[in-house]
Amino acid sequence: MPRRPLNGIRVVDMTIGRGELCGRLLSDLGAEVIKVEPVGGSPSRAMAPIDGDHSLYWTFRNCGKLGVELDLADVDGRERLHRLLAHADVVIVCDEPGTVDGTGLDAAELGERHPHLIVASLTAYGRAGPYAGRDVPDAVIEATGGMAFKAGTHEGGPILPPGLIGDDTASVVGAWAVLCALWQHEDTGAGQVIDVSVNESLAQITDWSLSNWSRSFDAGQPGLEMRAGPGPVYTIIPCADGFVRLVVLSPRQWHAIRAWLGEPDYLQDPDLDGFVGRLMIADAVLNPLYEELWKDMKMLDVCEEAQRRGIVCTPILKPDEVLANPHLESRGTFDDVTIDDGRVMKLPSGWFEFDGERVGPVSAPPSVGQHTDAVFADLGDARPAPTAPLDPAKPLTGVRVMDFGHGGVGVETGRMFGEYGADVVKIESRTYPDFIRVVLGGEMSPSFASSSRSKRSLGINAKTDEGIELLKTMAKTSHVIIENNSTGTMANMGLGYPVMQEVNPDIVMMSSQLMGSRGRWADWLGYGPNTQVTGGMTHLWNYENDPVPAGSQAIFPDHFAGRVGAVGALAGALGNRRNGDGGAHVEVCQVEQVVGVMGDLLAKESLVPGSVVPRGNHSDHGSPWGLYPTSGEDTWVAICCRTDEEWAALAGLVGGLDASLDESARRDAEADIDAAITGWTGTLTNDEATEACLAAGVPAGPMLTGATQSTDPHLEARGYLQWLEQPPIGRMIFEGGAFQATGMIGPDIFPAPGLGEHTREIAVDWLGVPAEELESLVASGVLETDPPHGG
């Protein structure tokens, strides 16, 4: 049986259609999660995707939970709920502010009545701020959160992503916030209210858009944020049976693919060793050469040969190809679940592995009220009252973290720990620097600063025996190690988990590899966008009826996987603190994070082959639905109708539309309806269209970019826009927190360190290196400082 570190924690899940993955994650990690539904069942049991009369949305996000049915409109039903909460540690709610006032069920009211209880509230824009209380679906937040503008071509317009990335990211953030609160809970038993904003959760994972735009703006060179398909970095190349994603960044990668092309004389210019030099001839010369090279090869053959040569190349898989992929099969990425009619459904088997074992659902989702009697018959003792009030503090003060992360995944895990009080030390060296740190030519970039803020830096050469021994010494008093190096790198350095566990039996190591540490493609090289294509997202993130992938410049799932890694790592540490579990090796496979956020869509494809296809800006969640151009230059508004009432209101605004059409009829007339809406929105700014829709009760929101997020009044009001001076590059905006909490101070944001900036203090205070030995280690290059050589 796999280790489940949250054993003994009881969670009450009251969410409906938003935040349901939060409870699922906590259940996978060992908490007892009790799903409370209204009489007759939750409305989310009817959410798309649907197979027959069965919601796969519900199935995927509610596996492993117990089911309780309560009539919360009735006084007795509410009292039964409060009895349950008196025996619980956490409750998760998603009611928008003001919707349950006076019932005693508002997040603040629950926290006041149950002072021991951690109340996690997940809402569209948070519980305070100008947009608080807006009842909008995930698609609107994909627009306001800054994800939608990244995909598509300039001519074709932006495309909403498949799945529910915003809501699911907020669920991961909610799980992280709950774990931080549980860490504090160990000291006094006091609860608190957590306010998670889906909008800010999504904005945090939009690939450094805000940080890079703001730095350019401050320098007087505002960046041009423009859709360009996959862009110049994450190239899409056709082959015999599909498409592949090719990424050539380093000189070594360039030399490898140049050799495959036959070393033509006209590609020997040394300027082509640099990315900018290749960019200048990409469209006219290089991409046609790649197409000619691979036109008769199948995409898996192309990728396997490319990887053998050290070239970053991965296949763009369709949903049916994801389900049958040999690497994912070799990893057990999917569970085969036989349903009532005898068909076999494929469900993703879990987000984490602990000590080499998959940590996934413990049971099927509950039927309505399945466990009501059993739960109330076995509540046990009520949770004790707090021993002391909870003074707001940084929750993870005293936690020590060694961050070997690079790129976008591990560094984001470290960022999460650092922002909430842990002492996070980035382990790095000029012999092998984080490529995001040096991407602009110096030793600092806005992207690096965003992901490595709130940390210290230890410059150390891990290719030396002395460096390895110092890192082992550091691990003796550390709580968490983070790494997302290529498979086997840590072991090859002599710093793999078995070695570190021997040094410190309580250490938790979080590892995240592109394709996981085992399986047919475990040694493949790549970046976040390479798993986006292999997990099936790129194929679905496209215009309707277009066989050529439109492409996106989003690097999803890097930031998302970093947050999942943080959840796994802190859960492991909490399990050790609460239950004496000892250390753990937590693994978060990056391609499985893409598979996970589309788990219900892939389940639908497994049951109804060919049913899951690119929808562009249309959706099974309602109609009309999508992004519509407004009167500005490349400005758009998201408008969504989930119900007949919302449609009637929108029809009244647009004019000339039949307000009585039901959803089926609206789908049949989508092209005409979209044209009418476009005619109306084209006369308005995106803010004017948004306000008109919201005033009529129609969900809507403007599509924001990094530039427009920088002046967004809601983000400003919630303290999300943090202007700081980042040495040595200058002022920039650091993204603020995605949640606020009554018992926490944070996030604690300070500039990213220079490489080796804190080497001396860490060597003395943490490693206990004597002063005379310290200077010798610096002089010999074992330790590195900022600036180099101790100058």
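Predicted model: local features only at pLDDT ≥ 70, side-chain atom pairs only at ≥ 80, totals over all residues.
Colleague: How many helices and strands are in the chain?

Modeller: Both are DSSP runs numbered from the N terminus: helices are H or I with at least four residues, strands are E with at least two. The chain has 33 helices and 28 strands. Its radius of gyration is 26 Å, close to the 28 Å of the globule rule for 791 residues, so the chain is as compact as a globular protein of that length. That radius is taken over C-alpha atoms, and the globule rule is 2.2 Å times the number of residues to the power 0.38. Along the principal axes, the C-alpha atoms fill a box of roughly 75 × 65 × 55 Å.

Colleague: What share of the residues counts as buried?

Modeller: Buried means under 20% relative accessible area, exposed over 50%, and partly exposed in between (1.4 Å probe, protein chains only). Of the 791 residues, 60% count as buried.

Colleague: What share of the contacts comes from residues 24 or more positions apart?

Modeller: A contact means heavy atoms within 4.5 Å. Among contacts in the chain with a separation of 6 or more, 76% join residues 24 or more positions apart.

Colleague: How should one check the length of a helix such as H6?

Modeller: The expected span is 1.5 Å times one less than the number of residues. Helix H6 (residues 165-188) has 24 residues and should span 34 Å; its end C-alpha atoms are 35 Å apart, which agrees. Since 22 of its 24 residues are buried, H6 is largely enclosed by the rest of the structure. Gly189 follows H6, with a positive phi near 75°.

Colleague: What does the check give for H23?

Modeller: The 22 residues of helix H23 (residues 558-579) should span 32 Å, and the end C-alpha atoms are 31 Å apart, which agrees. H23 has 19 of its 22 residues buried, so it too is largely enclosed by the rest of the structure. After H23 comes Gly580, whose phi is positive, near 65°.

Colleague: Where is Val588 found, and which residues is it in contact with?

Modeller: Val588 is in the loop between strand E21 (584-587) and helix H24 (590-597). Its relative accessibility is 1%, so it counts as buried. Beyond neighbours within four places in sequence, its contacts include Ala561, Val564 and Gly565, and Trp351 and Phe352 are also among them. Gln513 is 75 residues away along the chain, yet its C-alpha atom and that of Val588 are separated by 7.2 Å.

Note on methods
Residues numbered from 1 in each chain as written. Heavy atoms only, no water.
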